Amino acid sequence: MADIKLSFAPMESITGPVFRRVHKEIYGGVDNYFTPFLVANKNHSFKRRETREFIPYDPNLIPQVLASNPQDFIWAAKVLKEAGYSEVNLNLGCPMPTVVTKKKGSGLLRDLDYLDRYLGEIFEGEDLPNISIKTRTGFENSDNAADIGKIYVKYPFSEVIIHPRAREEYYNGTVDMNAFHKMREQLTCPVCYNGDIRTIQDFERLRNEIPDIHHFMIGRGLLANPALALEIRGKKDKTGTKILCNYLTVLWDEYVKDSLDEKSILFKMKELWYYLEWEYPEAAEEIKEIKKSKTAAEYKVLVKKVLERLGE
Ligand SMILES: Cc1cc2nc3c(=O)[nH]c(=O)nc-3n(C[C@H](O)[C@H](O)[C@H](O)COP(=O)(O)O)c2cc1C
């Protein structure tokens, strides 16, 4: 498995700096993390919360940028290069209506002439870091996956990360491997696969189907099972509920140290339990109670109950 690179996918509101630090300390197993998208706005300033995503410099972090305008992206890429980052990732996948209507994220995949001009202008920028992209395979559907690939191949991306779903599919249904192949066939740069890796078996199936892909990005699978990357690498010593309990406790405490208020921490932890439930369907009833909890005290009692039910 030495030739395999694993990345933790960016997930807005979940995989922030506190989460990444705690996951790395307690589990790890991934080669790098991505920031959730940083918005390159027209005022050319990052919010304080966004600056804390990438400062101090972290060699295992790739910052990701969402920009509706090439000039805004160039500004952000330069700021990030100055902060030490040699690679900046451009988001071409976000499906949220507020993003798409502003021709950002997957909204850029709706008009391919515009996408081509947009990327052309980006690469006119001077002194930029390496630029990678994280893309879907289409907007309404993936019929244009090859055409989008034909645009990407014109530009010197350091990597293309493909999530083979169209924007209209959000994160529903199954990934479209046909669309993955169609886009991928057009590309000459390194390609990373992303989507629906939830178990070792999913990973092994993909390894068989795309043996020449060496970089895999995992999001929800790592939220459901924070030891998944380790398990893929054949390390099974961190799979127990004791470690899970420690992870959840440390995560809560670190959010407190980071001055997050109780309501916001509770919201974040409940979001995490939404995915943990995938891994522990036998505790679905108890987890439902966790998701309804209204105070820290109530939450902690319920978590203890679930972890006891799960045993070692
Ligand atoms: C709650 C949530 C937030 C996300 N935020 C981002 C983001 O900030 N940037 C991005 O490129 N993708 C984002 N994604 C997409 C994931 O990075 C990933 O592409 C998607 O979940 C599919 O991979 P998975 O099946 O391994 O989870 C988000 C997905 C979810 C569910």
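**Pocket, ligand, cavity**

Mentor: The largest pocket holds about 800 Å³ of space. Its lining counts 35 residues, and Pro10, Met11, Glu12, Pro95 and Tyr171 are the closest to its centre. Keep in mind that this is a predicted model.

Trainee: What makes a residue part of a lining?
Mentor: An atom within 4 Å of a grid point. In the largest pocket, β7 (130-138), α9 (220-224) and α12 each supply at least two such residues. α12 gives the most, with four residues.

Trainee: How do the residues of that lining divide?
Mentor: Into 17 nonpolar, eleven polar and seven charged. Tyr counts as nonpolar, so Tyr171, a lining residue of the largest pocket, belongs to the nonpolar group.

Trainee: How do you know where the ligand sits?
Mentor: The test is that more than half of its atoms lie within 2 Å of the grid points. The ligand sits in the largest pocket, so it meets that test.

Trainee: Which residues come nearest to the ligand?
Mentor: Pro10, Gln64, Asn194, Asp196 and Arg220, out of 18 around it. The shell divides into eight nonpolar, six polar and four charged residues.

Trainee: How much of the ligand does the protein cover?
Mentor: 90% of the 610 Å² of accessible area that the ligand has on its own.

Trainee: Now the cavity. Why is it not called a pocket?
Mentor: In a cavity a 1.4 Å probe fits but cannot get out, whereas a pocket is an open set. The whole structure has one cavity of 30 Å³ or more. The largest cavity has a volume of about 50 Å³, so it passes that 30 Å³ cut-off.

Trainee: What lines the largest cavity?
Mentor: Ser13, Ile14, Phe19, Leu251, Tyr255, Lys268, Met269 and Leu272. They divide into six nonpolar, one polar and one charged.

Trainee: Which helices contribute to the lining of the largest cavity?
Mentor: α11 (241-257) and α12 (262-279) each supply at least two residues. α12 gives the most, with three residues.

Conventions. Residues numbered from 1 in each chain as written. Predicted model: local features only at pLDDT ≥ 70, side-chain atom pairs only at ≥ 80, totals over all residues. Heavy atoms only, no water. Near = heavy atom within 4 Å. Areas by Shrake-Rupley, 256 points an atom, 1.4 Å probe, with all protein chains shown as cover. 1 Å grid on protein atoms, 1.4 Å probe; cavity = no way out; pocket = protein on both sides within 12 Å on 5 of 7 lines; lining within 4 Å. Points joined across faces, edges and corners; volume = space filled by probe spheres on them.
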